[in-house]
Amino acid sequence: MKYTTYIIIIAIAILSISCSKEEKLDPVIKAEREALLATSNIGFYKDGKPLLIFTKMSHQLVINPTQLRFRIQIDAADYYAEIKLSAFPTFDNSVKATIIGNLGVKECTLENVILLSNEKKQLVLWSDTNHMGFVLPWIEKK
């Protein structure tokens, strides 16, 4: 009886150690995240593919660090896509993002947007729920 109790305790300990703390990601989401991390092109992404990519020849990039707004617009400013974050993203917390515009994006609010990377002077954000990602220029936390 005593040995059985010890064996059960050891088995539970081994199982709890072997279980990863990271969530098991859906293979589709994992591939979309990897595709997003592989690019350095500033823009909006959906389902692992570019939705709107900033190009210096066609667009202007407008950033308001105080309001956490990032906007890609054509030179005349009548067509644009904008993302506004509820807070500065960190690896420890998710934020809400509001998308507005008329340049290839649908207006929506995304919950649980996470920071995937802050390397290369860029913020790479991702929403598992909406399969949307964003590569944005780095801003200093205000």
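The model is predicted: local features need pLDDT of at least 70 and side-chain atom pairs count only at pLDDT 80 or more, while totals for chains, interfaces and linings use all residues. Residues are numbered from 1 along each chain as its sequence is written, and side-chain values rest on heavy atoms, with hydrogens and water left out. Strands (E, at least two residues) and helices (H or I, at least four) are DSSP runs numbered from the N terminus.

**Sheet and helix**

- The open sheet has nine strands in the order E2-E1-E9-E8-E7-E6-E5-E4-E3, with antiparallel pairing.
- Strand E2 (49–53) and strand E3 (59–64) each have a single partner strand, so one side of each edge strand lacks a neighbour in the sheet.
- Neighbouring strands of this sheet are turned by 25° against each other on average, direction ignored.
- Helix H2 (residues 27–37) packs on the sheet and touches E1, E7, E8 and E9, its direction making about 165° with that of E8; contact means heavy atoms within 4.5 Å, and angles run from 0 to 180 degrees between N-to-C directions of axes fitted to C-alpha atoms, for helices over the stretch in contact.

- Strand E4 (residues 69–74) is joined to strand E5 (residues 80–85) by five bridges, and Gln 73 has Tyr 80 in E5 as its bridge partner.
- Arg 71 lies over the face of Tyr 80, 3.8 Å from the ring centre; the criterion is NZ of Lys or CZ of Arg within 6 Å of the ring centre and within 35 degrees of the ring normal.
- In the hairpin of E6 and E7, with six residues between the strands, Gly 104 takes a positive phi near 85°.

**Aromatic pairs**

- The whole structure contains two aromatic pairs, defined by ring centres within 6.5 Å for Phe, Tyr and Trp (its six-membered ring), with planes under 30 degrees apart counted as stacked, over 60 as edge-to-face and the rest as tilted.
- Phe 44 and Phe 134 have ring centres 5.2 Å apart and planes at 85°, so the pair is edge-to-face; both residues are buried.
- Phe 88 and Trp 138 have ring centres 5.8 Å apart and planes at 90°, so this pair is edge-to-face.
- Phe 88 counts as buried at 14% relative accessibility, and Trp 138 as partly exposed at 32%.

Methods:
Two strands pair if DSSP finds at least two bridges between them. Buried means under 20% relative accessible area, exposed over 50%, partly exposed in between (1.4 Å probe, protein chains only).
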